[in-house]
Amino acid sequence: MKKLLLVAATMTAPFAVTLAHANDEALLTEARKVATTLPPKLLVALQEEISKSGTEGAISVCKDMAPRMAGEVSQQTGWKIKRVSLKARNDARAIPDAWEKAALEDFDKRAAAGESPAKLEKGEKLGTEYRFVKALPVQGLCLACHGPTEQLSPAIRAALGQHYPNDRATGYSEGQIRGVISVRKAL
Ligand code: HEC
């Protein structure tokens, strides 16, 4: 009997491992899909708004539209979504927790060592949750509001100063990592 159990155990163990692996892969795919729906939509909205009402008018896209769209995707998918950064502009919602901070620091190192920032991501089960982050690289368009302070227009500088007295999110150059989009779901 003991022998039989042992045989059964050796036969089912690899199967269980494969299943767990497949489950992790499915979660990673789902998380990646949720995290990648938002940035292209935001980019289009930013471009449209900038051409319509100038950079200053587009502040509301990053300020109001981004969190609203994140809320909508959360409702549709059941994943919580936020954007966090090592140099947060919005103190109330963009400060990373320890797991996000470690990923952000790792991404910065890897980007500095030559990895493509657009490809940097991390997903894993953590306690009773699945968590995933994906890097948001700085593009030319972002510099109007996240570039070196002396290169921002006076109107942008004034608007940012008014809404974000603790703003840390300037001084970036193209290709750096502005932050991550962070998604999580209870398992
Ligand atoms: C028109 C100005 C403007 C442009 C252009 C802009 N942003 Fe922002 N960005 C903001 C503002 C304002 C906030 C603060 C949003 C808030 O209150 O949550 C912000 C916040 C963010 C955040 C959230 C973390 C934080 O620091 O609060 C990320 C990530 C981000 N921007 C990335 C980008 C990227 C990437 C681009 C280019 C594709 C970009 N932004 C272009 C104005 C801008």
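**Contacts and overall layout**

Of the contacts in the protein with a separation of 6 or more, 69% join residues 24 or more positions apart; two residues are in contact if their C-beta atoms, placed from the backbone, lie within 7 Å. The model is predicted: local features need pLDDT of at least 70, side-chain atom pairs count only at pLDDT 80 or more, and totals for chains, interfaces and linings use all residues. Residue numbers start from 1 along each chain as its sequence is written.

Colour the protein by secondary structure to display 5 helices and 4 strands. Helices (H or I, at least four residues) and strands (E, at least two) are DSSP runs, numbered from the N terminus. The order of elements from the N terminus is α-α-β-α-β-β-α-α-β. Of the 187 residues in the protein, 24% are buried. A residue is buried if 20 or more other C-beta atoms lie within 10 Å of its own, exposed if 12 or fewer, and partly exposed in between, with C-beta atoms placed from the backbone.

**The nonpolar core**

Next, select Ala-31, Ile-81, Val-180, Ile-181 and Val-183, which touch the most other members of the largest nonpolar core, a set of 31 residues. Such a core consists of buried Ala, Val, Leu, Ile, Met, Phe, Trp, Tyr and Cys residues joined through C-beta atoms within 7 Å. At least two residues of this core come from each of H1, H2, E1, H3, E3, helix H5 (154-163) and E4. In soluble globular proteins, nonpolar side chains tend to be buried together.

Centre the view on Ile-181. Leaving out residues up to four places away in sequence, Ile-181 touches Ala-35, Leu-38, Pro-39, Ile-81, Arg-83, Val-133, Lys-134 and Leu-136.

**Helix H3**

Select residues 98-112, which form helix H3. Its 15 residues should span 21 Å at 1.5 Å a residue, and the end C-alpha atoms are 21 Å apart, so the two values agree; the expected span is 1.5 Å times one less than the number of residues.

Which residues of H3 are buried? They are Glu-100, Ala-103, Leu-104 and Phe-107. These residues lie on the same side of H3 because they cover an arc of only 100° around the axis, where the arc is that of the directions from the helix axis to the C-beta atoms. The buried residues of H3 pack against strand E1 (80-84), strand E2 (121-126), strand E3 (129-137) and E4. After H3 comes Gly-114, with a positive phi near 110°.

**The shell around the ligand**

Now select the ligand. It is surrounded by 26 residues, of which Cys-62, Ala-94, Cys-142, Cys-145 and Gly-179 are the closest; a residue counts as near if its C-beta atom, placed from the backbone, lies within 6 Å. Two or more residues of the shell are given by each of helix H1 (2-57), helix H2 (59-77), helix H4 (143-146) and strand E4 (177-186). H2 has the largest share, 4 residues.

Colouring the shell by class gives 15 nonpolar, 6 polar and 5 charged residues. Here Ala, Val, Leu, Ile, Met, Phe, Trp, Tyr, Cys and Pro count as nonpolar, Asp, Glu, Lys and Arg as charged, and the others, Gly among them, as polar.

**Two partly exposed residues**

Select Arg-32, which is found in helix H1. Arg-32 counts as partly exposed because it has 15 C-beta neighbours inside 10 Å. Beyond residues up to four places away in sequence, Arg-32 touches Glu-121 and Phe-132.

Finally, select Ala-88 in the loop between E1 and H3. With 19 other C-beta atoms within 10 Å, Ala-88 is partly exposed. Apart from neighbours within four places in sequence, Ala-88 is in contact with Ala-94, Ile-95, Arg-168 and Ala-169.
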